[in-house]
Amino acid sequence: MNLTNSLGNIQTFEKVGEIADKLNLESYVVGGYVRDILLKRPSKDIDFVCIGDGIKLAKAVAESLDNKPPVSVFKNFGTAMIKMDDWELEFVGARKESYQTDSRKPKVEAGTLQEDQERRDFTINTLGVSLNAKNFGELLDPFDGVKDLKRKIIRTPTDPNITFSDDPLRMMRAVRFAAQLQFDIEASTFDGIINNAHRMSIISGERTIVELNKIIMTDKPSYGFKLLFVSGLLKEFFPEMVALQGVDSVGDKSHKDNFYHTLQVLDNVASRSNSLWLRWAAIMHDIAKPPTKRFNQKVGWTFHGHEDKGARMVPGIFRRLKLPMDERMKYVQKLVKLHLRPIALVNETVTDAAVRRLLFEAGDDVDDLMQLCRADVTSKNNNKVKKFLANFDRVELKLQEVESKDQVRNFQPPVSGDEIMVIFGLKPSRVVGDLKEEIKEAILEGHIQNNKNEALELMYKLAAKKGIVKTT
């Protein structure tokens, strides 16, 4: 098979081949770019492999280009990179690898093209295309990668037990590719993952979370999570999520399987939003159901307080998984804590004060909160789903009405602590905080309007009761 007409960016490939011929080097484009050509997927990362010195080839290619782009050399890895517009060209000499059991970092030696292809993770990533003039565009496929692409199969080119034991991160990559491409993992390859799942212990959390986030960002992330669960990988780094799985029954009373419910919520969010952190909120929203599960003879299974406990669990899980501990964590924590609040606002007797409090606590994230709440409706009873979604329509209408009237979504105190200190000649103290808090509570309860005049008037009354007098 010849891929000359499919390569795209043909001038770059011809240039690399021309320079390689001058240096008497065999050169190829190998891996993901070739795979994506055949899948008709966009790709801007190109891996070039030559039989010999890849860094030398990279420098010669850069020198031959009109703008002579800089070459980034990574001597420890024997690679070099050229950035050209929004393309990244990586060059390396063909190599073979050997591993120690306690590390995924290989001992690297120069090798043949087939040895270089053989060391790669999956057959669909072993494909190579020749760039030398004598056979430009010729496809080299020693492990039937094209056939696996057509069959939609993830398979290792060599013994999967060796492949995964050598570099356990490849197990996460297998699931990630399956989830991204909606491929199946070939049976013996999947068995290799099951057999080597315990080897994830030698992989850093930083590397694991990169692959997990890519799985979460797929069109239907539940598929990847099911593969992680069944293979045993998930319990190696996220046991709290595994604990959601299962159904307990007492007599005729049972609860739903919270693992599969969570996956449905995650898919629902994924169909509505590309936000990684909203998807993480979906993953975490019921994370505390196992530790809060209780059986009550009258009402059956309960999970009282799982939203509060779940919010308290978020920082620890984020820290362990090497997720960011900044505003993104706080955003997820907030949505977990508040995810049951909107449904309580459905009742006609709910006061504006309750609505104001939710707007105040959710702030700019109230729309995302409502997306999560809608995604949380997973009943198989269509009438029940329609009823719950209609209820959320009513809640959103209430939120809009109260916000347009009271403007508390991004509440800023009409009177600041600095102003209180200046007016009454106070130093930073508890009484200043108390006055601010009482003014805020009065606004949220609807006792005064959210404006400066009414806030000042109340402030003077509250201060007088505390024996505090104006000094200015």
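Helices (H or I, at least four residues) and strands (E, at least two) are DSSP runs, numbered from the N terminus. The model is predicted, so local features need pLDDT of at least 70 and side-chain atom pairs count only at pLDDT 80 or more, while totals for chains, interfaces and linings use all residues. Residues are numbered from 1 along each chain as its sequence is written, and side-chain values use heavy atoms, with hydrogens and water left out.

According to an unreviewed UniProt entry, residues 259-344 carry the annotation "domain: HD". UniProt positions are given here in the numbering used for this model, feature names are shortened, and annotations may be inferred rather than shown by experiment.

**First stop: H339**

Select H339, in the loop between helix 17 (327-338) and helix 18 (352-362). With 5% relative accessibility, H339 counts as buried; buried means under 20% relative accessible area, exposed over 50%, and partly exposed in between (1.4 Å probe, protein chains only). Next, display V336: the side chain of H339 reaches the backbone oxygen of V336 at 2.7 Å. Leaving aside neighbours within four places in sequence, the residues in contact with H339 include H285, D286, H306 and D376. Contact means heavy atoms within 4.5 Å.

**Second stop: G310**

Move to G310 in helix 16 (residues 306-320). G310 is buried, its relative accessible area being 0%. Select A288 as well: it is 22 residues from G310 along the chain, yet the two C-alpha atoms are separated by 4.7 Å. Apart from neighbours within four places in sequence, G310 is in contact with I287, A288 and V336.

Now display the open sheet of 7 strands, which has the order 3-4-5-2-1-8-9 and mixed pairing. Strand 3 (71-74) and strand 9 (139-140) stand at the edges with a single partner strand each, so one side of each is left without a neighbour in the sheet. Two strands pair if DSSP finds at least two bridges between them.

Select strand 1 (residues 27-30), where S27 and V29 point one way and Y28 and V30 the other, all of them buried. Strand 1 runs antiparallel to strand 2 (residues 45-50), joined by 3 bridges, and C50 is the bridge partner of S27. Strand 1 is also joined to strand 8 by 3 bridges, again antiparallel, with V29 opposite V129.

Finish at strand 8 (residues 128-130), which pairs with strand 9 in the antiparallel sense over 2 bridges; here G128 stands opposite L140.

How values were computed: A polar contact is a pair of N or O atoms within 3.5 Å; within protein, one must be able to donate a hydrogen and the other to accept it, and residues adjacent in sequence count only if both atoms are side-chain atoms.
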